[in-house]
Amino acid sequence: MSARTVGFIGLGIMGVPMASNLVDVGFDVVVWARSAPPRDELVARGARAAESVAGVFAAAETVILMLRDEPAVDAVLARGTDDFARLVAERTVVQMGTFTTAFSQELTADVAAAGGRYVEAPVSGSRGPAIEGTLVGMLAGEPEVLDHVEPVVAAMCAQTFRCGDIPKALTMKLAVNTYLITMVTGLAETIHFAERAGADLGVLREVLAAGPMASAVSRGKAQKLAAGDLSAQAAIADVLKNARLAEDAARAVGSAHPLITASRRLYEEAVDAGWGDVDMIGVIEALAARSARTDETTKERS
């Protein structure tokens, strides 16, 4: 692997392992973060630390952004100020977060106007696949820019797929998220129902794992519940954000979306109850709370 320099900004639950994989395969990785611990962790693995966002862009032609939300991207890039053009001119910005398609289209135009290049590269997967380098990457942009960027994204992914022009990668990601969110919500409801009905949850996990609906996600999430491990692979608060994005995108194109709406409401209840930082399978707690309210209402009426 060549010593191509790549910048990485956004050292969160996904960003740290993703940047680590770039280091491990031989890229010269330059990072910046507002807090010291994730930056220091990457430096210990072999990355270089920049003192500022500008330092990352000065060191690397290709800069990856794995940031939480649209305001964070705008703030990092100093969008709307003269500093924006100074950062992105003659640079390739690879945006790997999940945002609205409208935001991505507007950012594409702004980066191009400033003399830079822009690629959408959202990924499917949570912290586990990020650690293992088995994320699935979805790419959109000009073909020659994708040729330039794809080897970098591929170092963090098991597979990459070209989706077409911007914003088709984000559209693909929102479609994938619709399936993921509704599937895990259904699994939580399944386990909650079985527990209240007195079914053997160990046998249930075995039946699900042996059947045609089994997947790495279903096995992993069921095991997390069995172990009482709600540490976040994909936190409920982040899943809620993605559910809202998927619901809004479906509404915008006139697509029926009853399942993602029902899931979004449940994740809102979980966040309101203080479960936002736990893994998405912890949405079962919102189901338990609903059942408890039903039990209480039944007692009051009897």
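Visitor: Is the crossing of α9 and α13 left-handed or right-handed?
Guide: This is a predicted model, in which local features need pLDDT of at least 70 and side-chain atom pairs count only at pLDDT 80 or more, while totals for chains, interfaces and linings use all residues. Residues are numbered from 1 along each chain as its sequence is written, and side-chain values use heavy atoms, with hydrogens and water left out. A crossing is left-handed if the near helix is turned anticlockwise from the far one by less than a right angle, and right-handed if clockwise. For α9 and α13 the crossing is left-handed.

Visitor: At what angle do helix α9 and helix α13 pack?
Guide: Helices (H or I, at least four residues) and strands (E, at least two) are DSSP runs, numbered from the N terminus. Axes are lines fitted to C-alpha atoms, for helices over the stretch in contact, and angles run from 0 to 180 degrees between N-to-C directions. Angles under 35 degrees count as roughly parallel, over 145 as roughly antiparallel, 65 to 115 as roughly perpendicular and the rest as oblique, and α9 and α13 are therefore oblique. Helix α9 (residues 168–197) and helix α13 (residues 258–272) have axes 9 Å apart and pack at an angle of about 60°.

Visitor: Where is the cis peptide bond that has omega near 15°?
Guide: Its proline, P167, is found in the loop between β9 (157–164) and α9. The cis bond runs from I166 to P167.

Visitor: Is A78 buried or exposed?
Guide: A78 lies in the loop between α4 (70–77) and α5 (82–88), and has a positive phi of about 55° although it is not a glycine. Buried means under 20% relative accessible area, exposed over 50%, partly exposed in between (1.4 Å probe, protein chains only). At a relative accessible area of 18%, A78 is buried.

Visitor: What is the relative accessible area of E90?
Guide: E90 sits in the loop between α5 and β5 (92–95), and its phi is positive, near 60°. E90 counts as exposed, at 65%.
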